Amino acid sequence: MANFHPADTSLEGRLLFAVPKKGRLNQAALNLLEGADIQFRRENRLDIALVKNLSIALIFLPAADIPTFVGEGRVDLGITGWDQVQEHDAGVRALYRARRFSGEISPEEEVAQNGRGSGCETVLDLGFGGCKLQVQVPEKGIYNSPKDLVGKNIGTSFVHLAEKYFAKLEAEVDLEQAQTGDLPAGSTGKLRTKIIELSGSVEAACALGVADGIVDLVESGETMKAAGLKPIDTVVETTAILIKSRNPSNPELVDLIAQRIRGVITAQKYVLCQYNIRRSTLMEATKIAPGKRAPTVTTLDEEGWVAVSVMVEKKRIAPIMDQLSKIGAHDILVLDIKNSRD
Ligand SMILES: Nc1ncnc2c1ncn2[C@@H]1O[C@H](COP(=O)(O)OP(=O)(O)OP(=O)(O)O)[C@@H](O)[C@H]1O
Ligand SMILES: O=P(O)(O)OC[C@H]1O[C@H](OP(=O)(O)OP(=O)(O)O)[C@H](O)[C@@H]1O
């Protein structure tokens with residue numbers, strides 16, 4: 001076994017699954033893998049890990065690069081943000097547009113390429129990593145509406161989505177001005193707004209005079225507030241998603257992983273609520289907590305009483321317990337669900 005390197009030939013025949021290597025999506029993605037019993041040991045600093053119990057290799061990549069690897073079919077499956085997939089999509093479209101402008105491809109070829117998409121297909125929404133990509137400006141500044149930013153400097157890590165957004169906005173402004181006869185002479189139809197690419201800490205750009213406005217992610221809004229910025233529009237709303245390439249190497253394994261992950265998500269979202277109630281009140285209780293399909297009802301060893309077991313969305317459990325208690329349910333218990341399968 002001299003010179004054996006786990007990342008070498010052993011990738012052969014394995015399904016390649018990209019996972020965010022750092023940042024906001026990393027831990028939640030690792031939790032999903034654990035819940036789906038995808039067992040691996042990642043060697044220090046190595047971005048490839050072989051899964052012990054399935055024919056899969058995990059590839060740890062920046063979330064922003066995962067749509068490129070999946071879209072080009074180099075990796076079969078991936079976890080990343082919907083925003084990153086949209087950014088990749090917009091980038092691919094911009095590339096075809098540029099190639100059409102340079103005469104490399106015809107307008108028909110551009111339409112056909114766009115129709116084929118960027119190669120990433122959404123398998124399922126993972127429910128975490130929720131945030132919004134928003135246009136932000138200084139709270140006490142002179143800009144109040146997105147149109148005020150046309151022709152100005154915009155800092156962002158989402159260059160293609162920002163370009164797409166401002167191209168649409170500029171077209172609207174031009175149309176308005178053409179209708180009122182105010183269109184500036186020599187308008188070229190090219191993007192007048194300058195999109196400045198920044199790779200992080202984008203919120204600092206306005207205060208430091210690099211940009212007039214920014215396009216960046218907002219979750220709690222704390223970073224935005226701390227930087228003295230306010231939102232004036234939303235470009236994209238996002239959550240983490242599972243994506244697959246157009247022709248994955250092992251579609252059955254993709255389905256198996258998707259099914260397992262779906263089970264983990266359901267388990268995270270629901271709790272199991274158990275209670276005892278008089279059979280005469282069961283209908284009323286079922287209306288309060290109808291369950292995913294239907295509650296499981298078992299006869300109790302006490303005349304006229306039943307035991308009920310029902311799945312309830314975690315976020316709704318407190319008011320549901322209150323209501324069940326109010327109509328006479330007893331011994332209400334709430335249990336965590338470790339895993340589930342539809
Ligand atoms: N504040 C947030 N709340 C929830 N999800 C977020 C947040 N910020 C980013 N995300 C999601 O996580 C994805 C990756 O963003 P993140 O900033 O963690 O990436 P990164 O650049 O790989 O990490 P880092 O910022 O550590 O360099 C985003 O595209 C988005 O989908
Ligand atoms: O609304 P909030 O809850 O404050 O979250 C928003 C911040 O989170 C992300 O950055 P992150 O902290 O991942 O670091 P980055 O700026 O280096 O990307 C995003 O780019 C915002 O800066």
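Author: Find Ile154 and look across to strand 9, where Gly213 stands opposite. You are looking at a predicted model: local features need pLDDT of at least 70, side-chain atom pairs count only at pLDDT 80 or more, and totals for chains, interfaces and linings use all residues. Residues are numbered from 1 along each chain as its sequence is written, while chains are lettered from A and ligands numbered from 1 in the order in which they are written.

Now widen the view to strand 7 (residues 153-156), which pairs with strand 9 in the parallel sense over three bridges. Two strands count as paired if DSSP finds at least two bridges between them. Strands themselves are DSSP runs of E with at least two residues, helices are runs of H or I with at least four, and both are numbered from the N terminus. In general, strands of a sheet pair through backbone hydrogen bonds, either parallel or antiparallel.

This pair belongs to an open sheet of five strands, ordered 8-7-9-6-10, with mixed pairing. At its edges you find strand 8 (194-197) and strand 10 (229-238), each pairing on one side only. From one strand to the next, the twist averages 25°; axes are lines fitted to C-alpha atoms, for helices over the stretch in contact, and angles run from 0 to 180 degrees between N-to-C directions.

Strand 9 and helix 7 (222-226) each supply at least two residues of the shell around ligand 2. That shell has 14 residues, and the nearest are Gly200, Glu219, Ser220, Glu222 and Thr223. Here a residue is near a molecule or strand if its C-beta atom, placed from the backbone, lies within 6 Å of it. Sorted by class, the shell of ligand 2 holds three nonpolar, six polar and five charged residues. In this scheme Ala, Val, Leu, Ile, Met, Phe, Trp, Tyr, Cys and Pro are nonpolar, Asp, Glu, Lys and Arg are charged, and the others, Gly among them, are polar.

Glu219 leads us on to ligand 1, as Glu219 is also among the closest residues there, along with Gly23, Arg24, Ala63 and Gly81. Ligand 1 is surrounded by 15 residues: five nonpolar, six polar and four charged. Both domain 1 (9-128 + 240-249) and domain 2 (131-238) give at least three residues to this shell. The domain bounds come from an automatic or database domain assignment, which also lists domain 3 (270-336).

Arg93, Tyr96, Arg97 and Arg100 of helix 3 meet Pro107, Glu110, Gln113 and Asn114 of helix 4. Two nonpolar, two polar and four charged residues make up this contact, where contact asks for C-beta atoms, placed from the backbone, within 7 Å.

An open sheet of four strands is ordered 13-14-12-15 and pairs antiparallel. Its edges are strand 13 (296-299) and strand 15 (330-336), and the twist averages 20° from one strand to the next. Strand 12 (residues 270-278) joins strand 14 over nine antiparallel bridges. Ser309 in strand 14 is the bridge partner of Gln274 and also of Thr296. Strands 13 and 14 form a hairpin with five residues between them, and Gly304 in the turn has a positive phi of about 80°.

Definitions and conventions. Contact = placed C-beta atoms within 7 Å.
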